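Visitor: I am new to this structure. Please take me through a single part of it, closely and step by step.

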Amino acid sequence: PVLDAEDAWVSVEGPVSIVELALEQKRIHYPLVEHQFVLCTILYAIMRLSLKGVKPLSLFDSKGKNAFFKDLTSIQLLPSGDMDPNVLSIRQQFLLKVVSAAVQTLCSSQKDKEVSEEEYFPFEKGKNWPTLAADLAQYLQISEDLVRRHYVCELYSYGMDHLGEE
């Protein structure tokens, strides 16, 4: 980008402006940032929904594991379209656990205290965990429909038929 500056600012002495420093930075490799985002989302879901027995790094193949903790400006080999069926199975089980835990948490809190989801998750207004799991399924190469069907089944099993029909 071209930065136009007034003549009065050109002769000013002092430290380099933050805009110039930002322009000198190397460009990040966006797919690597996206890969890190997926890991952060997985870790947050494990923590927030108190999922036990989940090993987050088992959800990634060797290329995916190697890409973590690298410089975001470096171009890393990321997982390709062909995945190991065992890793896909582990990912699918994880996403179904997230949906089940979210529905169980919501239903138990509503039955116990008649509390809405926003009150139970006060810092996450508008965050719908089953929808988040379906969005995460795209990144993890799992069928969204499978996650949504499991969500509907969970709603019916907890007696939330009106939400299941929607």
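Predicted model: local features only at pLDDT ≥ 70, side-chain atom pairs only at ≥ 80, totals over all residues.

Guide: Arg91 is buried, yet it has no salt bridge. The nearest side chain of opposite charge belongs to Asp61, 5.4 Å away.

Where does Arg91 sit? Its place is in helix H5. What lies 2.9 Å from a polar atom of its side chain? That is the backbone oxygen of Leu140.

Now the neighbours. Leaving out residues up to four places away in sequence, Arg91 touches Leu59, Phe60, Met83, Leu140, Gln141 and Ile142. Two of these names lead further.

Take Phe60. Together with Phe68 and Phe69, Phe60 forms one aromatic cluster. The structure holds three aromatic pairs.

Take Leu59. Phe94 touches Leu59 too, along with Ile42, Ala45, Ile46, Leu51, Val54 and Leu136, again not counting residues up to four places away in sequence.

Phe94 brings us to the largest nonpolar core. This core has 29 residues, and Ile42, Leu51, Phe94 and Leu95 touch the most other members. Helices H3 (30–48), H5 (85–113), H7 (129–139) and H8 (144–157) each supply at least two of its residues. H5 gives the most, with eight residues. That is the helix of Arg91. In soluble globular proteins, nonpolar side chains tend to be buried together.

Key
Residues numbered from 1 in each chain as written. Heavy atoms only, no water. Phe/Tyr/Trp six-rings, centres within 6.5 Å; stacked < 30°, edge-to-face > 60°. Core = buried A, V, L, I, M, F, W, Y, C linked by side-chain atoms within 4.5 Å. Buried < 20%, exposed > 50% of the residue type's maximum accessible area, 1.4 Å probe, protein only. Helix = DSSP H or I, 4+ residues; strand = E, 2+ residues; numbered from the N terminus. Contact = heavy atoms within 4.5 Å. Lys, Arg positive; Asp, Glu negative; His and termini not counted. Salt bridge = Lys/Arg side-chain N within 4 Å of Asp/Glu carboxyl O. Polar contact = N/O pair within 3.5 Å; in protein donor to acceptor, adjacent residues only side chain to side chain.
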